[in-house]
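Hi everyone, thanks for making time this morning. Let me put the model up on the screen, and then we can walk through it together.

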Amino acid sequence: MLNLKKLMAGLFCSVAAFSAVAAEQKMTIPKIAVTDLTYEEKVSEYFRVVSASSKSSVKGSYSERETDHSYSQRGNVNAKSESNYYEAEGFYTYIDRGELKTYTADLKGALIKGGGVSLVQARPYVGKPMEKIYDIIGRIKQGMYPGADYVLFGTVSNIQFRQESNQLQYGNSMTASLSLDLVADFSLINTKTYEVKAAFSASGSGVDTKIISRAGDRVVFSRGKVMQETSRSLADAAYDELLVQFGAPRGANRGQYGRVQNGQPVVPVQNTEPVTVYK
């Protein structure tokens, strides 16, 4: 009976110690908010303005005077016409700023599945996208990331769609492809000290390829597929670099999306067992 009591007491102490460790680990898990990708682009648009107007007026007067000894008449006509024509053309250049809300969902999913950090929902940026959209410190001070220990701030440094066609080596068939390349810069910022804990760039790409059997065939690309591959490969690269610099533990579900290179998923190498053939 005494041994049973000792065993129960030891088990209780072990459970209590485990609970304490688990609670401590939960308290120390950093909370990260991920912003949408901010972009700034110089846009030039052609314009042509033609304006024409015409204005005319006619004024006239006529009078007659007759007395017993005289007769007179007087007439006056005053006409006026005015025409204006204005034509101008050129390029209007302005800076377009905003946030891409399409390419960070997979990165957030990778952080959740990877573990080691806790994801905090960021408040969306509101207002006109002026220069202050890049003021991440100001956005932190405005309380846009409540409860977050760190903010992963991403900006687009390059994004480009490409559409290409190539002749196949044999036959008359061709391949047509739509691809997207996206490069983003990330900074992980401490919301208390504003210290930059990690800074890196990551790229993603996606492609949709079709085979054209005859010249003149119409090709419909899957733009959604291209954007999805780009988002996933960008998340893969950004998550890898964040782990390296921030030191968060790699989760067991890593690789759920699969790595994508040049728009093609990379199949992981499988360990093969040797095969013995008996004759």
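Let's begin with Phe 186. Leaving out residues up to four places away in sequence, Phe 186 touches Leu 37, Leu 107, Leu 152, Phe 153, Gly 154, Ala 198, Ala 199, Phe 200, Ala 202, Leu 234 and Ala 238. Contact here means heavy atoms within 4.5 Å.

Before going further, a word on the ground rules. This is a predicted model, where local features need pLDDT of at least 70, side-chain atom pairs count only at pLDDT 80 or more, and totals for chains, interfaces and linings use all residues. Residues are numbered from 1 along each chain as its sequence is written, and side-chain values use heavy atoms, with hydrogens and water left out.

Now the chain as a whole. The protein chain has 4 helices and 9 strands; helices (H or I, at least four residues) and strands (E, at least two) are DSSP runs, numbered from the N terminus. Read from the N terminus, the order is α-β-β-β-α-β-α-β-β-β-α-β-β. Of the 279 residues, 30% count as buried. For that word, buried is under 20% relative accessible area, exposed is over 50%, and partly exposed is in between, with a 1.4 Å probe and protein chains only. The accessible surface comes to about 19600 Å², and 52% of that belongs to carbon and sulfur atoms. Those areas come from the Shrake-Rupley method with a 1.4 Å probe, and for residues only the protein chains shown count as cover. Among contacts with a separation of 6 or more, 70% are between residues 24 or more positions apart.

Back to Phe 186, and to the core. Which residues have the most contacts inside the largest nonpolar core? They are Ile 32, Leu 37, Leu 107, Leu 152, Phe 186, Leu 188 and Leu 234, in a core of 32 residues. A nonpolar core is a set of buried Ala, Val, Leu, Ile, Met, Phe, Trp, Tyr and Cys residues joined through side-chain atoms within 4.5 Å. At least two residues of this core come from each of strand 1 (31-34), strand 2 (37-66), helix 2 (105-114), strand 5 (150-167), strand 6 (174-190), strand 7 (196-212) and helix 4 (223-246). Helix 4 gives the largest share, 8 residues. There is also a second, separate core of 13 residues, with Ala 122, Tyr 125, Ile 133 and Tyr 145 among them.

Just after helix 2, Gly 115 takes a positive phi of about 75°. Over in strand 4 we find Leu 119, which is partly exposed at 30% relative accessibility. Beyond its neighbours within four places in sequence, Leu 119 is in contact with Ile 32, Val 34, Lys 108, Leu 111 and Ile 112.

Ser 179 lies in strand 6 and is buried, at 7% relative accessibility. Setting aside neighbours within four places, Ser 179 is in contact with Gln 160, Phe 161, Arg 162, Gly 206, Val 207 and Val 226. Glu 82, in strand 3 (residues 71-100), counts as partly exposed at 35%. With the neighbours within four places left aside, Glu 82 is in contact with Ser 53, Ser 54 and Lys 55.

What about loops? Tyr 194 sits between strand 6 and strand 7, and its phi is near 65°, a positive value in a residue other than glycine. Ala 215 is in the loop between strand 7 and helix 4, and is exposed, with a relative accessible area of 76%.

Last stop, the pocket. Which residues line the largest pocket? The lining is Tyr 39, Glu 40, Glu 41, Leu 100, Val 156, Ser 157, Asn 158 and Ile 159. On a 1 Å grid over the protein atoms alone, a pocket is an open set of points where a 1.4 Å probe fits, with protein on both sides within 12 Å along at least five of seven lines; lining residues have an atom within 4 Å of a point. Strand 5 gives the largest share of the lining, 4 residues. The volume is about 180 Å³, that is, the space filled by probe spheres set on the points, with grid points joined across faces, edges and corners.
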